[in-house]
Amino acid sequence: MKKLVSLVLAVCMAVGLAGCGAASGSSSSAASSASQASSSQSEAVSSAAPSEPAAEKTDFVIAGMKGPTTMGMVKLMSDAEAGTTRHNYQVDMYATAQEILPLMVKGEIDVAMLPANVASNLYNQTEGKVQVAAINTLGVLYVVETGDTIHSVADLKGKTIYSTGKNNTPEYTLNYILSQNGIDPATDVTIEYKSEATEVTAMLAEAGEGAVAVLPQPYVTIASTQNENLRVALDLTEEWDKVNAESTLVTGVLVVNSDFAKENEAAFAEFLEDYEASIEYVNANVAEAAELVANYGIVPKAPVAEKALPACNIVYIAGEEMKADLQGYLQVLYDQNPDSVGGALPGDDFYYGA
């Protein structure tokens with residue numbers, strides 16, 4: 001019980017951007033219209049041919065958050081509801097990671113999509129009982145402004161910047177990029193942190209011309225539909241790459257209960273094939289995927305989802321590349337605040353299949 005309480009407290013500080021959005025948890029089965037939308041798509045995802053002999057049909061309990069980290073799963077969710085998948089995939093969505101983590105600790109969830117630093121916290125708190133199997137979302141943070149003055153990180157010097165994520169991924173990311181560009185976050189800029197992205201959006205409207213903020217997708221797109229003077233000035237994923245070639249900015253990952261992965265190795269391998277195929281479908285069929293994203297309540301409206309999807313950096317990165325990218329990212333967070341990753345960097349056993 002002490003570990004569980006410690007875990008929840010750590011996560012309250014560590015939860016990142018992956019769950020933008022958010023009503024309380026709801027099962028994917030509630031979105032019955034998603035299957036109808038999926039059936040009208042150009043063609044179903046073609047899962048890779050199962051190995052011989054095929055794995056025994058397995059039940060998967062999967063948790064996602066209402067944000068970019070779950071967008072790549074929507075085609076697989078739709079196919080599972082239609083009964084066309086080779087395993088039984090039950091996907092339940094939650095507003096925050098705090099709702100998911102106790103269930104993961106108790107073994108009631110097999111697979112989850114979580115912020116990268118939260119996954120590291122979970123690994124440390126459970127003494128290695130979870131592993132990360134894939135990166136599913138790269139950076140979703142953008143600098144936006146109501147004006148046309150920010151064209152490089154250097155242009156942020158002397159500015160007031162509104163942001164979410166105090167003591168969390170947005171703060172660590174912004175501070176790292178500023179400092180790597182010779183800007184002291186404590187003295188060269190004024191950063192005002194708000195509890196929610198909607199507050200930042202409101203501040204942009206109130207501040208008027210010249211206001212600057214850091215926002216995640218899909219809030220960048222939502223805010224742009226509400227404020228025609230808003231422009232995307234900088235992609236913080238690109239800015240991270242400019243100053244750190246050894247890693248990349250990572251938002252979300254797919255984690256698995258270590259015991260479940262070991263006991264269902266063949267079935268889990270097939271799930272990863274199906275999941276990768278779903279992500280490929282979402283990236284290749286943006287309009288159709290946007291309908292599913294809206295049907296599952298991840299983004300309120302399909303047109304907004306369609307605009308946001310290409311900027312959400314949805315990917316499937318596994319194996320050694322995953323390990324290299326994620327290790328470098330977690331190292332940056334650890335160097336700023338060890339508690340952001342659970343007090344220690346994960347061991348090699350954290351990286352499934354690497």
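Me: Which residue in β3 does Asp-59 stand opposite?

Reply: Asp-59 stands opposite Asn-88 in β3. This is a predicted model, in which local features need pLDDT of at least 70, side-chain atom pairs count only at pLDDT 80 or more, and totals for chains, interfaces and linings use all residues. Residues are numbered from 1 along each chain as its sequence is written, and side-chain values use heavy atoms, with hydrogens and water left out.

Me: What makes β2 and β3 a pair?

Reply: Strands pair if DSSP finds at least two bridges between them, and β2 (residues 59-65) and β3 have 7 bridges, in the parallel sense.

Me: Why is β3 called largely enclosed by the rest of the structure?

Reply: Buried means under 20% relative accessible area, exposed over 50% and partly exposed in between, with a 1.4 Å probe and protein chains only; 5 of the 7 residues of β3 (residues 88-94) are buried, so the strand counts as largely enclosed.

Me: How do you know that the buried residues of α8 line one face of the helix?

Reply: In α8 (residues 197-207), Ala-197, Val-200, Thr-201, Met-203 and Leu-204 are buried. Seen down the helix axis, the buried residues fall within an arc of 160°, so they line one face, the arc being that of the directions from the axis to the C-beta atoms. On the other side of α8, Ala-205 and Glu-206 are exposed.

Definitions and conventions
Helices (H or I, at least four residues) and strands (E, at least two) are DSSP runs, numbered from the N terminus.
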